Amino acid sequence: MNVDIPISPPITAAAGPETGPNQPLETASVLSLIVLRVRLRSQRRIAWLNHLWGAPGHHETRSQHSFESYLQVCLDDRDRPVDEAQWYQTEETVQILNERIQRVERSLAGPAGEKLRRLAEMFLLTEPELDVLQCCVAVAMDPTLAPVCGYLQQHSARTYATNALVARLFDYGHRSLWSPSSALAIWGLVSAGDAALGEPVPLAVDAIVVDWFQGELHLDADLIESVKTVKVHPPLASWPVADTAIAIEQLMQHHPAVRVIITGAPASGRRTFAAAVAARFGIELLSVDTGLIAEETWPDRFIKIQRLALMGGMGVVWFGPGVHRSWPSQIALAPLQFVVCDEGQGILAGDHTSSAQSVRAVDYRLTLPALTLAERRQLWQAAIPETAVWPAADLEALVSRYQLTVGDISTIGSREPASAHEAADFSRELTRQRLGPLGQLLDCPFHWADLVLGDKARQELEDFAFEAQERAAFWELPQAQRLFPRGTGLVALFSGPSGTGKTMAAQVLAADLSLDLFRIDLAMVVSKYIGETAKQLKQIFTRASRMNAVLFFDEADSLFSKRTEVKDSHDRHANADTSYLLQLLEDYRGIVILATNKKQNIDPAFTRRVRYVLDFPRPDKGQRQQIWTRVMGELCGEEVGRQVEGAIATLAEGVELSGAQIKNAVLSAIFVSRRLREPVNISHLLRGVDRELGKEGRSIGSREKARLVNHG
C-alpha cells in the first residue's frame with residue numbers, strides 16, 4: 001500500500017553566496033544577522049536530517065527518497081537531541097557551518113546586537129525567548145525561509161515557526177519555549193495563531209518588532225484612534241515644571257517607574273504641562289484618551305501602549321473617563337507616566353507590592369494652579385493679536401472677570417472675536433452649559449436705574465459690585481493668600497419679604513459684571529435619600545467653579561437652615577448636609593448670592609461666612625411712588641402716566657405694596673383696559689391693586705376706592 005504524506009525532497013547544506021565564509025559580518029545589521037543565524041542553523045539541522053535519512057544528495061528526486069527509511073528513523077528514535085549535538089561536534093562536513101554560526105552569534109553578542117539586548121532588557125526576555133523571537137523575525141523578514149520551515153517539520157504547509165522547530169534549531173531538545181504566560185506572549189511580541197487539532201501552534205512576531213529593528217516605530221492599528229503624541233509648548237510661568245522634574249528624578253533613584261497624577265480643571269493645560277516636564281528628560285509623550293478604549297479591551301490596549309512607550313523611550317499621559325481603571329500588574333511600566341484627572345476623580349493608588357491591584361509605580365501628586373492675571377493677559381494677547389488695538393480697560397475687564405483655562409482662551413481666540421465685548425460673550429457662552437439641569441439661566445435686563453432702594457442698600461450693592469470687579473487682583477497678593485487660605489469667594493445674603501427686589505438686585509449685579517446668573521433649582525438638589533443632597537451640591541459647586549457665572553440660591557433657608565438637635569437619623573443626615581454645604585461654600589472661589597424671606601432660619605455659621613448681608617424691606621411711600629411712576633411710564637407711556645399722576649401719589653401713600661406687586665397691578669390694569677378698549681385709567685389700576693391685595697387677604701374699602709377714582 002502506497003501512502004503519500006507531505007515529505008519534501010531532501011535539501012543539502014550547501015552554502016549560497018549570502019552565507020559565504022568571507023561575508024563582512026562587521027557591517028551587517030542586526031536583522032541580517034538574525035536571518036543569517038536562523039538560516040545557518042537550519043542548514044545544519046537539514047544536514048543532520050539528511051544524514052539520518054541516508055539521503056545521498058540534492059540531485060536525487062522525491063521518488064528516490066525512501067519513505068520507509070524516514071519511518072524507520074522515527075521508529076528507532078534516532079533523531080535524538082543528544083545524538084544530534086554529538087554529530088555536530090564530530091562530523092567534518094558541518095564544521096564550516098559551525099564556524100559560521102559561531103561568527104554570527106559572536107557578532108550578535110557584540111555592538112551589532114545591541115538592539116536585541118535592549119529588547120531583552122525592556123521586556124525581561126530569557127535567552128530561550130530571544131531565540132523564539134529571532135526565529136519568528138527571520139521567517140517574517142525572509143520569505144524563502146518559509147519552505148525551509150516546512151521541510152524541517154516534514155509538512156509543506158507548516159511554513160512557520162513552532163515551539164518544536166525553535167527548540168531543535170537552537171539546541172533546546174524537546175523543551176517548550178513559548179507559552180501564554182511567557183513574556184513574549186504577555187507583551188504580544190510573539191503570538192500564537194490558530195491550529196487544527198493535532199497540529200503544532202504557529203508562532204509569529206508582531207510587525208512592531210520588525211519595524212523597531214529597522215529604526216521605525218508605528219502605532220498598532222487598534223491604537224490609532226486613542227493614542228496621539230503631545231506637542232511641546234512653552235510652559236506658563238506659574239507651572240511647577242522644574243520642581244516636578246526634580247521630584248521625579250529623586251523618585252526614579254529608588255523606583256522603576258513614577259506616576260505623576262495631575263489634578264486640575266478640564267482644558268487647563270495638564271497634558272501640555274506633562275509634555276513640558278517630560279521634555280526636561282528628553283522624553284516625548286504619548287497621549288491616551290481612555291474614553292476611546294472599551295472596558296473589555298482595556299488590558300490588551302494598556303499593554304500595547306506600555307510596549308510602545310518602552311520601545312520608543314517615551315512617556316505616557318492618560319486622560320479621560322477611564323483613568324480610574326486598574327492597571328495590569330503582570331508587566332513592567334514605562335518609567336514615566338502621567339495621569340490627568342479632574343478634582344475629586346478617584347485614581348487607584350500606586351503600590352510597591354506584587355498584589356493584583358499593584359501598578360508598580362510610585363505616585364507623585366500635584367494640582368495645576370489656576371491662571372494668574374498676567375498669564376491670562378498673555379494668553380489673550382497670544383490668541384487674539386487684535387487685542388493690541390482694543391481699549392486697555394476693555395482688555396483688563398476681560399482678563400479679570402473671566403476665569404478661563406488655557407484651552408478656553410485658545411478656543412475663543414479661534415472664533416476671532418472683533419471686540420472685547422464679543423470675546424466676553426463668547427466666554428460666557430463657552431461655559432454656560434456646564435451646570436446642566438442643576439441651574440436655570442436668568443435673563444438680566446435690568447440696570448442700576450431700575451432699582452428703587454434705600455441709600456444704605458444701594459451703597460452696599462455698589463460695594464459688592466466693586467469688590468467683584470477688583471477681587472481677582474487682590475487675591476493674587478501673597479499677604480492676602482497667607483491670611484485667607486480659604487474663604488476667598490464672594491457671598492452675599494439678600495433678605496426681605498417677597499417682591500422687594502432681591503432677584504432684580506442679583507440680575508443688576510450680574511449684568512453690571514457681564515456674568516451669567518444661574519438660579520439653582522432646589523428641587524433638583526434637595527433629596528430625601530441619604531447622601532444625594534450632598535452629591536448634588538458637590539456637582540453644583542464643582543461645575544460652577546469652571547463657569548463665568550453668579551450662583552443665585554433663591555429661598556436659601558431651605559438649604560442653609562439652622563442645624564437642629566439630633567432626634568433621629570433624618571436629623572443627623574440633615575445636619576451633615578448643612579455642614580457639608582458650609583464647607584463647599586467656604587472653599588468656593590466664585591460669586592454666590594443667597595436670597596431668603598426667612599432670615600431668622602439661616603444658620604448663623606453661614607452668616608459669619610457671608611461678606612455682605614443686605615436687607616430688602618418693603619418700599620416706603622416715596623419709593624412706592626417712584627416704582628409706580630417708572631412702571632406706568634414704561635408700559636403705558638408718559639402721557640397716561642401724567643393723567644393718573646395724582647391717583648398714583650394717593651395709591652403710593654395709602655396702599656402698601658411691594659415692587660413686584662406694583663408691577664403686577666399695572667400689568668393687570670393694562671389688560672383690563674385693552675379688554676374694555678379704553679385707555680388705562682384709575683379704575684383699571686384699582687382693579688389690578690385689588691387683585692394683588694386679594695392674594696394676601698386684603699382689600700381697599702369702598703370709600704377709599706371712591707376717593708381714588710375721584711382723584712384720578
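**Overall fold and selected contacts**

The protein's secondary structure comprises 30 helices and 14 strands. The model described here is a predicted one. Of the 712 residues in the protein, 47% are buried.

Helix H1, which spans residues 30–53, packs against helix H3, which spans residues 81–90, and their axes are 11 Å apart. The angle between H1 and H3 is about 105°. Because angles of 65 to 115 degrees count as roughly perpendicular, H1 is described as roughly perpendicular to H3. On the H1 side, the contact is made by Arg 44, Arg 45, Ala 47, Trp 48 and His 51. On the H3 side, Asp 83, Glu 84, Trp 87 and Tyr 88 take part. Sorted by class, the contact of H1 with H3 has four nonpolar residues, four charged residues and one polar residue.

The model holds 16 aromatic pairs. One of them is formed by Phe 541 and Tyr 588, whose ring centres are 5.2 Å apart. The planes of these two rings make an angle of 70°, and the pair is edge-to-face, because planes over 60 degrees apart fall into that group. The pair links distant parts of the chain, as Phe 541 and Tyr 588 are 47 residues apart. Phe 541 belongs to helix H22 (residues 532–544), while Tyr 588 lies in the loop between helix H23 (569–587) and strand S13 (591–596). Phe 541 has a relative accessible area of 5% and is buried. Tyr 588 is buried too, with a relative accessible area of 6%.

Elsewhere, Trp 298, Phe 302, Trp 318 and Trp 327 form one aromatic cluster. Trp 327 also has a charged neighbour: Arg 259 lies over the face of Trp 327, at 4.8 Å from the ring centre. A lysine takes such a place over another tryptophan, with Lys 115 lying over the face of Trp 212 at 4.4 Å from the ring centre.

Along the sequence, Ala 247 and Tyr 364 are 117 residues apart, yet in space their C-alpha atoms are 8.0 Å apart.

Is Lys 456 buried or exposed? With 63% relative accessibility, Lys 456 counts as exposed, because the limit for that class is over 50%. Lys 456 is in helix H18 (residues 455–474). In sequence, 158 residues separate Lys 456 from Leu 614, while from C-alpha to C-alpha the two are 8.9 Å apart.

Ser 673, in turn, has its place in helix H28, made up of residues 659–676. This serine is buried, with a relative accessible area of 4%. Which residues does Ser 673 touch, not counting residues up to four places away in sequence? On that basis, Ser 673 touches Glu 678, Pro 679, Val 680 and His 684.

How values were computed: Residues numbered from 1 in each chain as written. Predicted model: local features only at pLDDT ≥ 70, side-chain atom pairs only at ≥ 80, totals over all residues. Heavy atoms only, no water. Phe/Tyr/Trp six-rings, centres within 6.5 Å; stacked < 30°, edge-to-face > 60°. Helix = DSSP H or I, 4+ residues; strand = E, 2+ residues; numbered from the N terminus. Buried < 20%, exposed > 50% of the residue type's maximum accessible area, 1.4 Å probe, protein only. Lys NZ or Arg CZ within 6 Å of the ring centre and 35° of its normal. Axes fitted to C-alpha atoms, helices over the stretch in contact; angles between N-to-C directions. Parallel < 35°, antiparallel > 145°, perpendicular 65-115°, else oblique. Contact = heavy atoms within 4.5 Å. Nonpolar A, V, L, I, M, F, W, Y, C, P; charged D, E, K, R; others polar.
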